[in-house]
Amino acid sequence: MSSSTTSVKLSTSHQTADQQPNLVGEFLQETIALTRRLFIQLQRRPSTLIAGIIQPLMWLILFGALFQNAPKGLFGETLNYAQFLEAGVIVFTAFAGALNAGLPIMFDREFGFLNRLLVAPLVSRFSIVLASAIYIVALSLIQTCVIVTAGTVLGAGLPGIAGLSIITLIVLLLVLGVTGLSLGLAFALPGHIELIAVIFVTNLPLLFASTALAPLSFMPTWLQVVASLNPLSYAIEPIRYLYLHQDWGFNSVVMHAPFATITFGGALLVLLGFTTVSLVSIQPLLKRRFA
């Protein structure tokens with residue numbers, strides 16, 4: 001009698017263990033499904049990706065042609081302006097794409113789809129945010145590959161395997177940080193008009209207040225200070241250094257800011273700090289919205 005009771009208890013415990021949900025597996029499944037939805041939208045409306053590839057190519061071709069007759073040495077050690085501009089175009093393209101990351105979330109809010117997701121039995125609602133981040137990172141890496149290839153054709157050169165890996169890391173850090181801020185704005189602002197206004201107001205000023213188009217030495221003192229505080233400059237200068245030097249190292253000096261000398265490793269640490277602060281700062285807002 002006792003043996004039969006024991007077997008029943010063991011059978012019940014096995015059934016209970018089997019019925020326990022695999023939270024990690026379900027979270028990954030939710031994230032993959034939400035990410036796939038975004039790529040299906042892109043497949044149906046590929047104009048976003050096409051425009052995101054054509055625009056940086058136009059920057060490379062038009063600006064490269066505009067300054068092709070500039071005296072050698074005018075932009076530092078670069079052989080031509082295309083080589084100087086390459087890093088700025090890579091970073092600004094990734095930045096612009098990440099800045100738009102909040103728009104799909106905002107449209108989901110306005111059309112009511114986000115409310116359906118919030119009442120759905122999701123393991124974690126943070127899969128919504130993670131799916132958007134994965135989508136934007138994938139688009140940014142595709143754009144970066146196209147820009148690097150086009151730059152090689154236009155005479156900008158090509159870093160080695162290690163250099164390309166560091167470029168990928170830099171783009172990843174910048175995109176994650178800016179995507180976090182954009183998603184935070186998507187939940188904080190009342191509608192897409194306000195979000196688009198923030199994007200327009202932020203986009204070009206951050207471009208011109210960086211080292212994307214001209215070195216620090218070309219700028220007045222006040223703009224040098226602003227550009228040295230701009231996170232984009234800390235992504236641009238390491239990438240530019242990779243294009244100009246095959247023997248780079250983490251102790252290599254990449255930027256002479258008015259207040260400090262910035263090394264390659266120091267620039268990466270600044271980007272890491274920017275991304276960390278960005279992702280941590282939106283956590284309270286997301287928790288309130290997902291509660």
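How far should the 20 residues of helix α3 (residues 47-66) span at 1.5 Å a residue? They should span 28 Å, and the end C-alpha atoms are 27 Å apart, which agrees. The expected span here is 1.5 Å times one less than the number of residues.

This is a predicted model, so to speak of local features takes a pLDDT of at least 70, side-chain atom pairs count only at pLDDT 80 or more, and totals for chains, interfaces and linings use all residues. Residues are numbered from 1 along each chain as its sequence is written, and side-chain values use heavy atoms, with hydrogens and water left out.

**The chain as a whole**

- The protein chain comes to 13 helices and 2 strands; helices (H or I, at least four residues) and strands (E, at least two) are DSSP runs, numbered from the N terminus.
- Of its 291 residues, 43% count as buried. Buried means under 20% relative accessible area, exposed means over 50%, and partly exposed is in between (1.4 Å probe, protein chains only).
- Take the contacts (heavy atoms within 4.5 Å) with a separation of 6 or more: residues 24 or more positions apart account for 76% of them.

**What the UniProt record says**

- An unreviewed UniProt entry lists "transmembrane region" for residues 46-67, 87-107, 128-155, 161-188, 195-218 and 259-282. Positions are in the numbering used here, feature names are shortened, and such annotations may be inferred rather than shown by experiment.
- In the model, residues 161-188 are 100% helix and 0% strand, with end C-alpha atoms 41 Å apart.
- Residues 259-282 come out at 75% helix and 12% strand, and their end C-alpha atoms are 29 Å apart.

**Helix α3**

- Leu 49, Gly 52, Pro 56, Trp 59, Leu 60 and Gly 64 are the buried residues of α3. Looking down the helix axis, they fall within an arc of 100°, so they line one face; the arc is that of the directions from the axis to the C-beta atoms.
- Those buried residues pack against α2 (23-44), α4 (81-99), α7 and α9 (192-208).
- Turned away from the buried side, Leu 62 and Leu 66 are exposed.

**Helix α9**

- With 17 residues, α9 reaches 25 Å from its first C-alpha to its last, close to the 24 Å expected at 1.5 Å a residue.
- Its buried residues are Leu 195, Ile 199, Asn 203 and Leu 207. They cover an arc of only 70° around the axis, which puts them on the same side of α9.
- As background, an α-helix has 3.6 residues a turn, so residues three or four places apart point the same way.
- The buried residues of α9 pack against α3, α4, α5 (102-111), α8 (161-188) and α11 (231-244).
- Exposed on the other side of α9 are Ile 193, Phe 200, Val 201 and Phe 208.

**Helix α12**

- The 18 residues of α12 (residues 264-281) should span 26 Å at 1.5 Å a residue, and the end C-alpha atoms are 26 Å apart, which agrees.
- Phe 264, Gly 265, Ala 267, Leu 268, Leu 271, Thr 275 and Ser 278 are buried in α12. Within an arc of 160° seen down the axis, they line one face of the helix.
- Packing partners for the buried residues of α12 are α8, α11, β1 (253-256) and β2 (261-263).
- Leu 269, Val 277 and Val 280 are exposed on the other side of α12.

**Rings and a charge**

- Rings of Phe, Tyr and Trp (its six-membered ring) pair if their centres lie within 6.5 Å; planes under 30 degrees apart count as stacked, over 60 as edge-to-face and the rest as tilted. By this rule the count comes to 8 aromatic pairs.
- One of them is Phe 39 with Tyr 135, edge-to-face at 5.2 Å centre to centre and 75° between the planes. Phe 39 lies in α2 and Tyr 135 in α7, so the pair ties together parts that are 96 residues apart in sequence.
- Phe 39 is partly exposed at 31% relative accessible area, while Tyr 135 is buried at 10%.
- Tyr 241, Trp 248, Phe 250 and Phe 264 form one aromatic cluster.
- The charged end of Arg 240 sits over the ring of Phe 84, 3.6 Å from its centre. That wording applies if NZ of Lys or CZ of Arg is within 6 Å of the ring centre and within 35 degrees of the ring normal.
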